[in-house]
Amino acid sequence: MRKSGFFKKASELSLLYGVRGAVAVFSATDKPSAVGAHSVELVISRFAPLPSDGGGGGDDDRDREVMEATARRAKETGARVAEEKTRMGAVGEKVLRVTAAGGVRFWWQADAEALGEEELREFARKLHRLRGNVRHHADKLQVAPASQRMTGL
């Protein structure tokens, strides 16, 4: 009974969210039972390609090449992310130094004249983002009193 309930819940989740899913359960005697959207094999092969039935080995070589290329791209992307974090950290440190040197309390009060071109671009982006956050918060505050007045009636 528990197994069928588990399979039913998996099927419901698959239908509800429109996703492909598979559930495999092994009994105490190692007897497998499985259910999957469309088929268990289709779902599993999507994430872990199954060995080809042809025995030619061409698919395995192609799969290996794809996996290696994906791993290379992931490594390159990770390196670019690390470089960007380092660069942005340096920009942030410069803005903080300029802020401290100017004797001001907040980063947005920094002297824009003391920033370089790269720092100025990032500073402008951050100011734009800050303005959007302030505007959003102010809009929420303007809506709140009106709704409070309505509930007080």
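Which residues make a nonpolar surface patch of about 440 Å²? Hold that while I set things up.

What we have here is a predicted model, where local features need pLDDT of at least 70, side-chain atom pairs count only at pLDDT 80 or more, and totals for chains, interfaces and linings use all residues. Numbering starts from 1 along each chain as its sequence is written, and side-chain values use heavy atoms, with hydrogens and water left out.

Okay, the overall picture. The protein has four helices and two strands, in the order α-β-β-α-α-α along the sequence. Those are DSSP runs numbered from the N terminus: H or I for helices, at least four residues, and E for strands, at least two. Of the 153 residues, 11% are buried, meaning under 20% relative accessible area with a 1.4 Å probe and protein chains only; exposed is over 50%, and partly exposed is in between.

Now α1, residues 2–17. This helix has 16 residues and spans 23 Å from first C-alpha to last, close to the expected 22 Å, which is 1.5 Å times one less than its number of residues. Just after α1 comes Gly18, with a positive phi of about 65°. Val19 then sits in the loop between α1 and β1 (22–26), and it counts as partly exposed because its relative accessibility is 43%.

Back to my question: the patch is Leu13, Leu16, Tyr17 and Val19. For a patch like this, residues need over 30% relative accessible area and no salt bridge, and nonpolar side chains (Val, Leu, Ile, Met, Phe, Trp, Tyr) are joined within 5 Å, while like charges are joined within 9 Å. A salt bridge puts a side-chain nitrogen of Lys or Arg within 4 Å of a carboxyl oxygen of Asp or Glu. Areas are Shrake-Rupley, 1.4 Å probe, and for residues only the protein chains shown count as cover.
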